[in-house]
Amino acid sequence: MNCILLGPPGAGKGTQGKKIEEAFGVVHLSTGDMFREARKSDKVVDELIALGQLVPDDIVVDVIKKRLQKEDIKKGFLLDGFPRTLNQAKEFDVVLETRQIKIDLVFFIDVHFEESVKRIAGRRVCPSCGVSYHVIATPPKVPDKCDFCCNLLVQRNDDRESIVRDRLKIYRKHSEPLVDYYKRAGSIVYIDGSKGELDVFKQISKHLEIR
Ligand SMILES: [Zn+2]
């Protein structure tokens, strides 16, 4: 059982990925983790990321390709954070074909634009111990202060509202053709991401259990 998890920033892909890995025994392949790993052995990747530059599609696909060579993916995998663009999806399909790997389902966790803004722009993090909060969903006991070390909480630069709006617009521009592409392939499953974590997990599980 091989799946792809799509959805805007703030849709909870990482959280769902971990839950699905635990419940169904598939390997959660997060691009964040794969790139952290790739930076250690690949100088080009390391330099691009260090300079804050966009990693070209062929290099991204190459990192995924290498990860798919490991034995553990035979029990099934769940890709999270890849593909991001139509071009990556097409290149990935070529890789899959040569490896004779089939993608069974592509989940698209749908979250409205303004809801995504609220979720991300409300994030706060403790710079000292790294614990995360959300001003509405999981606020600290004392406003702006960490429950554990009392340090002042900060907002990541990427999480500022104007930047979030830009990030989401870019995401939307790339994801629409991507979702269309998988829709035509007949593998897309729409998940209503407006509700909580547990509800999203139940919706996804339903599709995995019947297989
Ligand atoms: Zn703290």
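**Notebook: salt bridges in the predicted model**

I looked up Lys-40 and found that Lys-40 forms a salt bridge with Glu-37, with 3.4 Å between the closest N and O atoms; I counted as a salt bridge a side-chain nitrogen of Lys or Arg within 4 Å of a carboxyl oxygen of Asp or Glu. Residues are numbered from 1 along each chain as its sequence is written. This is a predicted model, in which local features need pLDDT of at least 70 and side-chain atom pairs count only at pLDDT 80 or more, while totals for chains, interfaces and linings use all residues, and side-chain values use heavy atoms, leaving out hydrogens and water.

Lys-40 and Glu-37 are three residues apart in helix H2 (residues 31–41), which separates them by about one helical turn; helices (H or I, at least four residues) and strands (E, at least two) are DSSP runs numbered from the N terminus. I noted Lys-40 as exposed at 67% relative accessibility and Glu-37 as partly exposed at 44%, where buried means under 20% relative accessible area, exposed over 50%, and partly exposed in between (1.4 Å probe, protein chains only).

I next checked Lys-102, whose side chain meets that of Asp-104 in a salt bridge at 3.5 Å, N to O; Lys-102 is exposed at 56%, whereas Asp-104 is buried at 18%.

I then turned to Arg-123 and Asp-159, which form a salt bridge at 3.9 Å, N to O. Arg-123 lies in strand E5 (residues 123–125) and Asp-159 in the loop between strand E6 (132–134) and helix H7 (161–184), so the pair ties together parts that are 36 residues apart in sequence. Arg-123 is partly exposed at 30%, and Asp-159 is buried at 3%. I also recorded a network of salt bridges linking Arg-123, Arg-156, Asp-159 and Arg-167.
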